[in-house]
Amino acid sequence: FIFDFFNARLHFGCSRMQMYPLEMEGNSNPKTTNKPKYSKFTQQELPACKPLLTPEIVIAAFALIGALFVPIGLASLHASRQVVELVHRYDASCVPVDDKVGFIQNSRTDKTCTVTMTVPKYMKSPIHVYYLIDGFYQNHRRYVRSRSDKQLRYKSAAHLTSDCVPEGDTADHAPIVPCGLVAWSLFNDTYTVRVNGVVTQVNKKDIAWKSDKNNKFGKNIYPSNFQKGRLIGGATLNESIPLSEQEDLIVWMRTAALPTFRKLYGRIEKDINANDNVTVVIQNNYNTYSFGGSKALVLSTASWIGGKNNFIGIAYLTIGGLCLSLAMGFLVLYMVKRRNFGDPSNLSWNR
Amino acid sequence: MAEDHGSSRHMSSMSMSHKELGDDDARVVHVGDAERTNERLQFAGNAVRTAKYSPLTFLPRNLFEQFHRLAYVYFLVIAVLNQLPQLAVFGRGASVMPLAFVLAVTAVKDAYEDWRRHRSDRAENNRLAAVLSPGAGAQFVPTEWKHVRVGDVVRVGANESPPADMVLLATSDTTGVAYVQTLNLDGESNLKTRYAKQETLTTPLEHLAGAVVRCERPNRNIYGFQANLELQGEGRRIPLGPSNIVLRGCDLKNTSWAVGVVVYAGRETKAMLNNAGTPTKRSRLETHMNRETLFLSGILIVLCSAVATLSGVWLRTHQTDLELAQFFHKKDYLKVGKEDNENYNYYGIAAQIVFNFLMAVIVFQIMIPISLYISMELVRLGQAYFMIRDAKLYDASSDSRFQCRALNINEDLGQVKCVFSDKTGTLTQNKMEFRCASIDGVDYSDVAPQRPVEGEPAWVPKVPVKVDREVMELVRNGGATEQGMNAGEFFLALATCNTIVPLIIDGPDPKKKVIDYQGESPDEQALVSAAAAYGFVLVERSSGHIVIDVLGQKQRFDVLGLHEFDSDRKRMSVIIGCPDKTIKLFVKGADSSMFGIIDKTLNPDVVQATEKHLHSYSSVGLRTLVIGVRELSQSEFQEWQMAYEKASTALLGRGNLLRSVAANIERNMRLLGASGVEDKLQDGVPEAIEKLREAGIKVWVLTGDKQETAISIGYSCKLLTRDMTQIVINSNSRESCRKSLDDAISMVNKLRSLSTDSQSRVPLALIIDGNSLVYIFDTDREEKLFEVAIACDVVLCCRVAPLQKAGIVDLIKKRTSDMTLAIGDGANDVSMIQMADVGIGISGQEGRQAVMASDFAMGQFRFLVPLLLVHGHWNYQRMSYMILYNFYRNATFVFVLFWYVLYTGYTLSTAINEWSSVLYSVVYTSAPTVIVAILDKDLSRRTLLKYPQLYGAGQREESYNLRLFIFIMVDSVWQSVVVFFIPYLAYKNSAIDSASLGDLWTLSVVILVNIHLAMDVIRWTWITHAVIWGSIVATWICVIIIDSIPTLPGFWAIYEVMGTALFWALLLAVIVVGMIPHFAAKAIREHFMPNDIQIAREMEKSQDSRDANQPEVQMSTSTRA
């Protein structure tokens, strides 16, 4: 059919464009007839299904959606309720002075800060440790584009830093690896966790996507000239470790979609019981003060729906309820205002 | 004059030949001497080029032509903006791709068409023609057509076509006659006679060298030619006219050879000059669409301004933060202290606002859907395909399919409110049949099929004629009675006073010779055939004489003079030298013109009786002609001959001089009688008109016939019914015309006030003639006429000139928004066809001019019903839905982008991958709209034909209007909110990365808009299923492919995110929540406020299920339908 269709196009094209020679062709052979060949396709009579929104279908559709959504909503709400999440904002409390920017910029100040939380419910391992930043536009156009993905993967592409300006090359024109604002602004607060006074290991292995480690960040690419400029954006990198092993960097370079975001710091692979005290010693290095952002530490367990997320459950319950009531509403409406299906007397010229 | 009105296009193309030939602007052609002819002025060579492009010029010219479309300029500007480093939103490639794609598709199409044209040009240019070699021997040498030049002497054989326009010098016929068929030129299949002048005919070719032809400059008029020929050594100029020239594109028939000198070659030939395309029209829907496009541009500007302003506010409030904020990094520390501008890519808030505005335009550009234009072209192509292939629009009698000659107004066919129809050849077959005669005041109309009579000479006209036995007897008895003599003279007049060429063809019976009468006028053919049936058989015609078999005796009549028919005089005359040495003048013409030149004192009773007969003939719908005769004295004849010769060689004002010569001799005629010829209705015309009327389409008939004939045809084709009140405006003066118009208005008002409800309305019919129209148009009373006309159900205009037809169409077009359609078959309908919104040509008897000027062409008037009611309805529904859907689809996507921008510091980043945003309207969502717009049918052909009133949906613009546009835009905003905010709320404060969220948004938008389309599809065929679900699958595959490229930031995101339950939960929620309002609104609309189409769909559905239960019934109904 498709082939046929295109033929017709061409035929049509010439009959329009070129009357004169075409007529000659057309008339030179009187045996051929112009009668169109019959096919269901050309006569637009292909077998077809013609669904109509009959009252039964409308009510059934709404009822079905309601019946489907309410249980999903209940299940996800339940899952979300199972998740234990501790959030502790520390940006203000960890800086004792008024000149917060000055404090954080000064490399000599002691930025150690201790926060203590009490776990309200039993937390089953793995417990995810996140840092949560607010007001940091990782999706800012200036920021997202300031990276060189080729440089991260191919050794020969180290010089491809044109997108990374002003963190592309050093003053003496040596390429920075990894270049660009994204890498340069790498988060550098560190957390040491104690549960009931006992130092608990935060496992920082496998916090990044496997795909990134294996295919996106090169195993033979080592950081160079990194964080050597006049303005320090964040963490420095160990130049003896290849990028594919720099998991904090890899996580950071998966730029967040929204200006308030959390990123995985590590995992505590030990259960924590209810009423346990969790003390976290924070090296508060990262400057969120200059742009009025905030920082928080998050400890959270996980469920099949992800982290703590009541929204999806509530949304599903609302939609389900709405659809059920729509089904009821339509039922009533259809009962109240009946109309004969396909009644010719309803046609406008028959009324 | 009526020429003041209507389009001047037609006039200007014809005006060249009206101008008389002066020496200054004449073209001088030296016969047989191309060198000298082309010496001073290089005339066009004979190579033709219908192709538009050469390989070198293709790219610039084609691009230039494509960029005439304003939308493309818009997209080009945006693509250029995107190349500026400060504004680069998309990568270089991605930004140019959609425009390049659209341009490339069109360019490939154009290139292919042009290649075909090149190919046929080459074939045409390399044909061989026999050209007289100027060298020794004077032999004809085969030469390629492209090398033929003006001045060459060319010989053309039988069934060959002359390579260029040429003046005949000699033919194989001793009298210099050549027959040509102009089928390719104007579509007329009958033979026309062309003559070589006696002077050149007798001169051997070698001696013609030195002769000079002076002819007018090349022009488009294929029926006009003015020139004269001067032989060497003779001072006399021999006049040449249209009958002395054979045109490129004709075929030489029944003549073994003809020799001529080329006067116009190549692109200057009349055929090529006439090859210009029809003026482009724009569909109503497209005009409306531009209104909405403007509306969308407004929204676009609002969005961009909002983003730009907010970005300014944001920059201002964060001004102090930006220097140190890691995500902004305002300063370039390599430059600090070294250069003035130490900032990196930051030029102050004001500049940043401007940049952000421009970037917003780039990001939101597809608010104006670029793919819509290409989709519309594809859809129209598809619709044209189905119209051309429709077996119900195929006319077997002329073996012609439906033709779509204009591509851009398919959907207008669904909105027609007013049909202007020509009568002759359109409503009627234009196959004339001699029905009755009034001879000498006696009416003979009792005709019966002729029975073969023994002993007759076997001349049989090809078309059998029914004869009246009484007349037969009368004629056979010959000069016995005065009645008989008059009857004989009457038929002699019919046999002589014409320009018919008899062709003798071998019939099945060797004893009987069948004569085929070829001529330009079907009336004449009918009359000559009738004369033959009564024993006056025209057997032979040459330029100087005719041979008539009078009751078995061959007699030779000299044709001493001929004044051809013209529309001013409305009559023609011949001067015949009879065998008995008398000279007779026969005149035949329309009654209005004939009664003016008839001497009523000669036979007053006959005149009176004939007038009565004429009235009764025309009241039964017959076409009448009045025949008169006068015997000329020798002196009168010589006087005429001198005047004629003088007039016909005149260089200035020849046409007018000839007319006055004719008027001078055509006077004091004796009335012989009148003929009634039936113009048969075409098949199915009454039914078609009834259907159109039921569909709410007003049918106006515009005809050149007189009032009585027009009314009678009106009755026979059910245009007029007995219960109608007729308003007749038929005035001879300005005053009376004004009065009757005022009367008509008061009558209309009275009737209107009497019947307020539509049920008891009295149907009105307006019958108006051309003269009154002239008065009305002259005195600026158009408005009043319009008022009356619009109140009437039927309007019949009789005796209207071609340009008045256009004037009437224009009247309605200017004063209402009603869609007009003009349908006609003849050259006189061309102006009307071009004036109307939709012009339809009937490819019938009267030639191809109407078809050439038309937008659509078909074989029969009755095809108008399926064309409008079925195809027009479908086209309109499909196209309007597609346009609305395209607006909606792109707007939804743009709004999703917009919401995201609000969360990026107003900096125009997109979470959706740039390739996805480029591919969105071109690949992800385009195929379904095109296919659905080509294939979807809201109602079946059967239903649409059964209930013509359903056509009203298009007339009332039910499928495309501002209300629907606003509805669908609100839906679009809602869906974009759902697509954006449900995932936003779910992923707030989470670790989601932008690529994953972008993929979710891409997929949800694409699935949502496709499901929206799916919900509106009415007829699901396997193709629809394949394309809609296929498109979703294709999008998914594309997203996966894009996310498998390691050097893109979003690498592997889709795999990661598809592994989470939340992704699927959100996708489902977005689709359901997004569709609920549309679904609920659709359910409510369809059940509680059903329109006619909805009810008809339900009826169809119950019919289908009934059919399925009773298969036999289904078979019988489908064969009936």
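Lys213(A) counts as buried because its relative accessibility is 12%, where buried means under 20% relative accessible area, exposed over 50% and partly exposed in between, using a 1.4 Å probe and protein chains only. The model is predicted, so local features need pLDDT of at least 70 and side-chain atom pairs count only at pLDDT 80 or more, while totals for chains, interfaces and linings use all residues. Residues are numbered from 1 along each chain as its sequence is written, chains are lettered from A and ligands numbered from 1 in the order in which they are written, and side-chain values use heavy atoms, with hydrogens and water left out.

Lys213(A) forms a salt bridge (a side-chain nitrogen of Lys or Arg within 4 Å of a carboxyl oxygen of Asp or Glu) with Glu247(A), and the closest N and O atoms are 3.0 Å apart. Here Lys213(A) sits in helix α8 (residues 210-216) of chain A and Glu247(A) in helix α9 (residues 247-253) of chain A, so that distant parts of the chain, 34 residues apart, are linked; helices (H or I, at least four residues) and strands (E, at least two) are DSSP runs numbered from the N terminus. Glu247(A) is also buried, at a relative accessible area of 5%.

Over all chains, a search of the whole structure finds 48 salt bridges. One of them pairs Arg262(A) with Glu85(A), with 3.1 Å between the closest N and O atoms. Since Arg262(A) belongs to strand β7 (residues 261-268) of chain A and Glu85(A) to strand β1 (residues 85-89) of chain A, the pair ties together parts 177 residues apart in sequence. Arg262(A) is buried at 10% relative accessibility, whereas Glu85(A) is partly exposed at 24%.

Asp993(B) lies in the loop between α33 (962-987) and α34 (994-1016) of chain B and Arg254(A) in the loop between α9 and β7 of chain A, so the pair joins two chains. Both residues, Asp993(B) and Arg254(A), are buried. Elsewhere, salt bridges with shared partners join Asp1016(B), Lys1082(B), Glu1086(B) and Arg1097(B) into one network.

Helix α12 (residues 370-389) and helix α28 (residues 864-901), both of chain B, pack at an angle of about 160° with axes 11 Å apart; axes are lines fitted to C-alpha atoms, for helices over the stretch in contact, and angles run from 0 to 180 degrees between N-to-C directions. α12(B) and α28(B) are therefore roughly antiparallel, a term for angles over 145 degrees.

Note on methods: Parallel < 35°, antiparallel > 145°, perpendicular 65-115°, else oblique.
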